[in-house]
Amino acid sequence: MATQWYINGDYLLGCNCDYGCPCNFNARPTEGDCQGSIGFHVEDGAYDGVSLNGLNVFLGVKWPGAIYEGNGTVSIYIDESGSPEQRDALLKIVSGEAGGPPFEILAGTFTNFIGPKFVPIDVKVAGKDTEVTVGDYVRMKFESIRNPKSGVETDSKVVLPMGFIFKEADQYSLKEFWVKDGPEFDISLSGTCAELAKVQWPTV
């Protein structure tokens, strides 16, 4: 039986796909593989009565093909400011051990788990000015998507009524993005997909 947990907060993503990310629509990744980072800031959440409010978790992720084909690698970064009980709760959630989507589904696509590492995580959720720093491992800065001809900023959104991670996400471009973590992760991107969404997990 899945352990009782919930998280309400902000979901953030940076990846190597084009804006909108074809993976959201069951299509193959833009470059054939998928790599980047996903994470969340907890506004309100708990695991078996342990409050998770204010904490952050980020993952370095990569798959050699489409996500659903599996064989992925994940590196787990958990907010060092959490207590041992909070850290353990967050690890159980993102590893899929606690059950429930989205993480029970995502965990099934990974064959290589790295970490967890307990590091300082700073998250500034501010639309096109969103920034994330995860220790010395992840750096993410958003900016507006611009019309390639006129240079005008464009507001874009992905709506997925049946989405298991989010139902609706604002779309941005990566101004700066990297994941550096040993031989498994050496990712550096700009001008590709960035997403920001309000989430309520577990999804149904």
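How much space lies in the largest pocket? About 580 Å³, in what is a predicted model.

**Close-up 1. The largest pocket and the residues that line it.** Start with the open space: the largest pocket holds about 580 Å³. Its lining takes in 30 residues, and Cys23, Asn24, Ile67, Phe164 and Ile165 sit closest to the centre. E1, E2, E4 and H2 are the elements that each give two or more residues to this lining. Strand E2 supplies the largest share, with five residues. Sorted by class, the pocket lining comes out as 21 nonpolar residues, eight polar ones and one charged.

**Close-up 2. The one cavity that turns up at 30 Å³ or more.** The elements giving two or more residues here are E2, E4 and H2. E2 makes the largest contribution to the cavity lining, this time with three residues. By class, the cavity lining has eleven nonpolar residues, one polar and no charged ones.

**Close-up 3. The largest nonpolar core, built from 38 residues.** Look for Tyr11, Phe40, Phe103, Phe166 and Trp201, the members with the most contacts inside this core. Several elements give it two or more residues: strands E1 (5–15), E2 (34–47), E4 (56–63), E5 (72–79) and E15 (193–201), plus helices H1 (84–94) and H2 (103–107). Apart from this core lies another, of 21 residues, with Val119, Met140, Phe185 and Leu189 among them. In soluble globular proteins, nonpolar side chains tend to be buried together.

**Close-up 4. Phe166 and what it touches.** Leave out the neighbours within four places in sequence, and phenylalanine 166 is in contact with Tyr11, Asn24, Val158, Leu160, Glu195, Ala197 and Val199. Tyr11 and Phe166 are both among the core residues with the most contacts.

**Close-up 5. Cysteines without a disulfide.** The structure has zero disulfides. Cysteine 21 is in no disulfide either: its nearest cysteine sulfur, in cysteine 23, is 3.8 Å away, whereas a disulfide needs the two sulfurs within 2.5 Å. Cysteine 15 counts as buried, because its relative accessibility is 3%, and cysteine 21 is buried too, with a relative accessible area of 5%.

Notes
Residues numbered from 1 in each chain as written. Predicted model: local features only at pLDDT ≥ 70, side-chain atom pairs only at ≥ 80, totals over all residues. Heavy atoms only, no water. Core = buried A, V, L, I, M, F, W, Y, C linked by side-chain atoms within 4.5 Å. Buried < 20%, exposed > 50% of the residue type's maximum accessible area, 1.4 Å probe, protein only. Helix = DSSP H or I, 4+ residues; strand = E, 2+ residues; numbered from the N terminus. Contact = heavy atoms within 4.5 Å. 1 Å grid on protein atoms, 1.4 Å probe; cavity = no way out; pocket = protein on both sides within 12 Å on 5 of 7 lines; lining within 4 Å. Points joined across faces, edges and corners; volume = space filled by probe spheres on them. Nonpolar A, V, L, I, M, F, W, Y, C, P; charged D, E, K, R; others polar.
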